[in-house]
Amino acid sequence: MPGTEKARKAAKKFAPPEKKGAKPGVAARPAPAARPVEVRNGGGHAKEQPDARGKYVYCIIQASEPLRFGPLGIGAEPAEVHTVNYRDIAAVVSDTPIEVHDPTRENVLAHERVNETVMRKHTVIPMSFGTVFKTRDDIVELLRSAYEAFHDVLDKMQDKLEFGLKVLWDRDVMVREIENQDEDVRRLKQEISAQKGSTYFARMQYGRLVDAALQAHSEKYVAEIFAALRDVAVASRANKPIGDKMIMNAAFLVSRDKEQAFDQRVKEIGARFDKLTFKYTGPWPPYNFVNIRLKLERAKEK
């Protein structure tokens, strides 16, 4: 497809962008402008205690019975991933040393691998990278005290997935198109090229006109893309573009039963806007659509 890069992971065919002990009273709700909270026992970085073993938490799911997901977790030898259950919700965890986990490529990929595996059959509340609790009892207390909040978010995120869409353009190509379309810009370009007299003010005016035209073109493209995806997505979030080439950096919350329809719509948009490059990724846990804030009780030194 013109202007599209293949970037969907795990057998997703089409591509045009690119890819954590609590008191009662916590707040947890879906929100379109939030990242998953980082939750640590004691509210900060755990002390490095190489001989001590804790629990690394990847996500929260609905589950009434203990589950095992196999050797997928963080560690030089992938740790066994299982659940710690409370009533009908559970934390997906693996045993780990109580230490600060560096966000190396291997560690981050292991964290994502667990979430991606679990979300195939479960709705997940993703926890941020590096979430470690000292004991199983600490996790049970978290689930108990935040039970209503977790349950509310799980209900609202039921059978929903996140997809990422980044849209880029070649700025030089767009500037040439503007020069061809806009008579004032074309005249100023010719004046500057001919070096007739002082070109300082012509250059200043040319720059202002080009920047304004680029901004208008960018806003028009982004508005049309969001509008075209509105009826196949539950919600969307516009994040800040990265770099000069990116004009759109968005996340979309999509129902599982609309996944193919969303894929097809992105494909159609990519074919229509052949001057743009689309980078499309997913499915992911709903990182951009879950906002969880937990008040953690500082662990007592043992």
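Which residues have the most contacts inside the largest nonpolar core? Here are some close-ups of this predicted model.

**View 1. The largest nonpolar core, with its 52 residues.** The residues with the most contacts inside this core are Leu 165, Ile 225, Met 248, Phe 252 and Phe 262.

**View 2. Zooming in on Phe 262 and its contacts.** Skip the neighbours within four places in sequence, and Phe 262 still touches Phe 163, Leu 229, Val 232, Ala 233, Phe 252, Val 254 and Tyr 280.

**View 3. H6 against helix H7 (residues 259-272).** The two axes come within 10 Å and cross at roughly 150°. Angles over 145 degrees count as roughly antiparallel, so that is how H6 and H7 run relative to each other. The crossing of H6 past H7 is right-handed. On the H6 side you'll find Ile 225, Ala 228 and Leu 229, which meet Phe 262, Arg 265, Val 266, Ile 269 and Arg 272 of H7. Sorted by class, this contact has six nonpolar residues, two charged and no polar ones.

**View 4. Helix H4 (residues 171-181) packing on H6.** Here the axes sit 10 Å apart at an angle of about 110°, so H4 and H6 are roughly perpendicular to each other. H4 brings Arg 171, Met 174, Val 175, Ile 178, Glu 179 and Gln 181 to the contact, and H6 answers with Tyr 206, Val 210, Asp 211, Ala 213, Leu 214, His 217 and Tyr 221. The class tally for this pair is eight nonpolar, two polar and three charged residues.

Methods
Residues numbered from 1 in each chain as written. Predicted model: local features only at pLDDT ≥ 70, side-chain atom pairs only at ≥ 80, totals over all residues. Heavy atoms only, no water. Core = buried A, V, L, I, M, F, W, Y, C linked by side-chain atoms within 4.5 Å. Buried < 20%, exposed > 50% of the residue type's maximum accessible area, 1.4 Å probe, protein only. Contact = heavy atoms within 4.5 Å. Axes fitted to C-alpha atoms, helices over the stretch in contact; angles between N-to-C directions. Helix = DSSP H or I, 4+ residues; strand = E, 2+ residues; numbered from the N terminus. Parallel < 35°, antiparallel > 145°, perpendicular 65-115°, else oblique. Left-handed = near helix turned anticlockwise from the far one by under 90°. Nonpolar A, V, L, I, M, F, W, Y, C, P; charged D, E, K, R; others polar.
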